[in-house]
Amino acid sequence: MRRLAPVLIFLVWAAPAQAKPTVSVQATPATGQAPLNVTLAATGDAVTYHWDLGDKTQADGPVVQHQYGTGRFTATVTGTAADGTTAQASVVITSAQLTLTGPKVATYGRRATFRGRMAPALRGAPITLYSGSTPVRTTKADKKGRFAFRIKQAALATYAAHFDVVGSNAVAVPVRPALDVAIPRTGMIGRPLKFRAKLRPTGSGTMKVRIWRSGHELPPRTFGDHANLHLSTKRVAVYKVRIIVTPTGTFSPRKKTFRASVFLPYLALGARGPSVRILERRLAQLHYATRGVDGFYSYDTADAVLAFQKVNGLARTGRVTPDVWRRLQSARAPLPRYRYGHHFEVNKTKQVLFEVNHGRVVRIVHVSTGATGNTPAGLWHIYSKVPGTLPSGMFDSNFFLRGFAIHGYPSVPSYPASHGCVRVPNWVAPTLFASSYYGEAVYIYY
């Protein structure tokens, strides 16, 4: 007979764990124009609610009303249950501000630039530009909150930028008619000098044209949206032409001033006046060395003209003819053969020297190299600099190989005539001497 062993069963009761309260939060509105009045509401089964509003302020209660300045804030509510347990919930509030600037006036058919800034800066935030209630274009703010639009203008309009429900200040941009003008800046005596002007769009206004010839005002003329005039070229003159536009409709008025000069076709040593000034100014623009723009055709002007003739394959006379004027109008500064650093280049074929700085020819000088072709071609470096005049007549000399130097000399003909050195006019030698340094590269080539 088997015995039954008693089995004891122990039941252990454990108190239930304390559950955290449930808390949720809502901000109305969560995004808006700064300063932004926000209603923060917490819901759940907590007994008390405490708020950290994210801008160094605090509040208590399930519903809180608060005004935020400009910025992006995180409001956090802590709910506490009857047994002391807590739970948190957060919401992000964006109290934004947009500013927009635009041009004071825009031109018909051309793009105007509008710039703005968003605070707080939200990189990548979509910003839309509106014209009235019509969206025009959308862009994105950069990391500093900046944004920009380029909009083609056709009529008076008011613009504002928008991010979500946040709007910027309104910018009203008046539009003026486009004014297309064709007038040569210079013309020769006896050659036609035509002036043409046109307003766009057609019918956008009328033009009053005032003309001064060498300071004397001529009778004004009035035109519709097209103007054609022939300016007299019987004598040397400087014209100033001012166009005053009286608009129609919603267009804005405008005015613009142009200048043109009538010059002599032939100039040589001893010439003076506005034609010489025009010549010197143009040579300086192309980087041909002169002493300055003084309206006097002296030896420096003749040397600059001679250098220009050499570079452009014209007769080497040092005098200005109609051919020189025509070439001056279309000429561009020559390009160096070597484009790095500061150096000199001597072209034996053209008999000119280029002073080059970082890929740009900054000075062009007429030179004369060895009469027998013995000026050594190649890359050399300045190893000696001797200021003043040597017994041989060499002035402010930059030696680059044995006795070969770039130096000033009283006689610098348009052809090779030296003993092998590179002669430059005495008046420009100090400038080249001052701008050079020991070890500087000198390239000599054909």
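**A strand, its backbone and the cores**

Modeller: Asp-396 is found in strand 32. Please bear in mind throughout that the model is predicted. The phi of Asp-396 is positive, at about 45°, although this residue is not a glycine. Most residues other than glycine have a negative phi, and most peptide bonds are trans. Asp-396 is also buried, because its relative accessible area is 10% and the cut-off for buried is under 20%.

Strand 32 covers residues 395–401, and Ser-397 lies in it as well. With a relative accessible area of 0%, Ser-397 is buried. If residues up to four places away in sequence are not counted, Ser-397 touches Ser-384, Lys-385, Val-386, Leu-390, Ala-405, Ile-406, His-407 and Phe-433.

Lys-56, a residue other than glycine, has a phi near 70°. Lys-56 is found in the loop between strand 4 (48–52) and strand 5 (58–60). Is Lys-56 buried or exposed? Its relative accessibility is 86%, so Lys-56 counts as exposed, whereas Asp-396 is buried.

The backbone also holds cis peptide bonds. One runs from Ala-34 to Pro-35, with omega near -5°. Pro-35 sits in the loop between strand 2 (31–33) and strand 3 (36–44). Another cis bond joins Arg-200 and Pro-201, where omega is about 0°. The loop that holds Pro-201 lies between strand 20 (193–200) and strand 21 (205–213).

In soluble globular proteins, nonpolar side chains tend to be buried together. The largest nonpolar core here has 31 residues, and those with the most contacts inside it are Leu-279, Tyr-288, Tyr-297, Phe-308 and Trp-325. Two or more residues of this core come from each of helix 1 (274–285), helix 2 (299–311), helix 3 (322–330), strand 28 (352–357), strand 29 (360–366) and strand 35 (441–445). Helix 2 gives the most to this core, with six residues. Apart from this core lies another, of 24 residues, including Leu-100, Leu-122, Ile-127 and Val-173.

Leaving aside neighbours within four places in sequence, Tyr-288 is in contact with Leu-283, Ala-304, Ala-307, Phe-308, Val-311, Asn-312, Pro-334 and Ile-364.

The packing of the helices can be followed from helix 1. The axes of helix 1 and helix 2 come within 11 Å and cross at roughly 55°, and the two helices are therefore oblique to each other. Helix 1 passes helix 2 in a left-handed crossing. Here Leu-279, Glu-280 and Leu-283 of helix 1 meet Thr-301, Ala-304, Val-305 and Phe-308 of helix 2. Sorted by class, this contact has five nonpolar, one polar and one charged residues.

Helix 1 also meets helix 3. Their axes come within 11 Å and cross at roughly 45°, which makes helix 1 oblique to helix 3. The crossing of helix 1 past helix 3 is left-handed. On the helix 1 side the contact is made by Ser-275, Ile-278, Leu-279, Arg-282 and Leu-283, and on the helix 3 side by Trp-325, Leu-328 and Gln-329. By class, five nonpolar, two polar and one charged residues form this contact.

Methods. Residues numbered from 1 in each chain as written. Predicted model: local features only at pLDDT ≥ 70, side-chain atom pairs only at ≥ 80, totals over all residues. Heavy atoms only, no water. Helix = DSSP H or I, 4+ residues; strand = E, 2+ residues; numbered from the N terminus. Buried < 20%, exposed > 50% of the residue type's maximum accessible area, 1.4 Å probe, protein only. Contact = heavy atoms within 4.5 Å. Core = buried A, V, L, I, M, F, W, Y, C linked by side-chain atoms within 4.5 Å. Axes fitted to C-alpha atoms, helices over the stretch in contact; angles between N-to-C directions. Parallel < 35°, antiparallel > 145°, perpendicular 65-115°, else oblique. Left-handed = near helix turned anticlockwise from the far one by under 90°. Nonpolar A, V, L, I, M, F, W, Y, C, P; charged D, E, K, R; others polar.
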